[in-house]
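Visitor: Please walk me through this model, one question at a time.

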Amino acid sequence: MDKEEYEDFAKEIARLLSEKDFRKILKEEANKKFDGDYDILFSNFKNVQFKSKKIEDFITSSNVARANEKLNISIPILIENWNESKQEPLVAVAIGVVEKETKFLKAFDSKGKSYILDANIEPNVPVIIIGNNERMNYKEEIKKNKSARTSGNYEKITWLKCPNLSDIESWYFGAPELRFDGVVYNNDFSAAFQAF
């Protein structure tokens with residue numbers, strides 16, 4: 001798929017944002033955080049009912065939606081500030097971007113007008129991003145590729161302080177997926193492990 005096809009998909013999602021009920025559905029779906037971030041996997045979302053139809057019935061650029069199983073709609077920033085009854089966010093495309101190299105993202109409003117967003121400066125309003133889901137299948141990858149602690153359980157880090165998340169990952173990718181190696185020491189043993 002070329003970038004223009006993803007831009008067409010973004011324009012169609014942006015056009016639907018003129019409908020307050022669609023904005024409400026989108027925010028509700030993102031807040032489910034099915035993968036721990038404010039992501040909506042389109043293959044799961046396409047059958048959601050809107051105006052007595054499925055969401056996919058409103059999407060004419062369906063080649064992208066059918067061909068890319070990781071096609072993702074996300075609200076990576078400021079979702080808690082989004083007044084969906086009044087605000088129509090821009091929809092930007094993050095397909096083909098390169099972390100720390102991409103300078104701008106192309107975005108669209110509900111009327112089809114194009115905008116250029118700075119990829120390095122986080123906007124002060126919510127933006128919807130069309131991209132590939134970064135977290136899909138990550139649990140399976142951990143089970144396949146990483147060794148567990150000696151007790152057979154995985155460690156879960158529930159809190160991490162980072163003063164500037166953009167040092168870890170660009171704003172348009174949402175919350176970062178952290179991968180690291182760790183060692184647990186005890187008086188009786190030590191164990192090395194890797195974690196995602």
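Visitor: Where does L78 lie?

Guide: L78 isn't a glycine, yet its phi is positive, about 60°. Helices (H or I, at least four residues) and strands (E, at least two) are DSSP runs, numbered from the N terminus. In those terms, L78 falls in the loop between β4 and β5.

Visitor: What pLDDT does the chain average?

Guide: This is a predicted model, where local features need pLDDT of at least 70, side-chain atom pairs count only at pLDDT 80 or more, and totals for chains, interfaces and linings use all residues. Numbering starts from 1 along each chain as its sequence is written, and side-chain values use heavy atoms, with hydrogens and water left out. pLDDT is the predictor's confidence in each residue, from 0 to 100. Here 68% of the residues score at least 70, and the chain average is 80.

Visitor: How many contacts beyond four places in sequence does the model have for residues 190-196?

Guide: A contact means heavy atoms within 4.5 Å. Residues 139-145 stay under 50 in pLDDT and have 5 contacts beyond four places in sequence. Residues 190-196 also stay under 50, and for them the number is 26.

Visitor: Which strands stand at the edges of the sheet?

Guide: Strands pair if DSSP finds at least two bridges between them. The sheet is open and mixed, with 6 strands in the order β1-β4-β8-β5-β6-β7. Two of them have a single partner strand each, so one side is left without a neighbour in the sheet: β1 and β7.

Visitor: What angle does the direction of α1 make with that of β5?

Guide: Axes are lines fitted to C-alpha atoms (for helices, over the stretch in contact), and angles run from 0 to 180 degrees between N-to-C directions. Helix α1, residues 3-16, packs on the sheet and touches β4, β5, β6 and β8. Its direction against that of β5 comes to about 165°.

Visitor: R23 and E88 form a salt bridge; how far apart are the closest N and O atoms?

Guide: A salt bridge puts a side-chain nitrogen of Lys or Arg within 4 Å of a carboxyl oxygen of Asp or Glu, and that's the rule here. R23 sits in helix α2 and E88 in the loop between β4 and β5, so the pair ties together parts 65 residues apart in sequence. The closest N and O atoms are separated by 3.7 Å.

Visitor: Is K27 buried or exposed?

Guide: Buried means under 20% relative accessible area, exposed over 50%, partly exposed in between (1.4 Å probe, protein chains only). K27, in helix α2, links up with E84 in the loop between β4 and β5, 57 residues away, and their salt bridge has N and O 3.2 Å apart at the closest. E84 is partly exposed at 21%. With a relative accessible area of 14%, K27 is buried.
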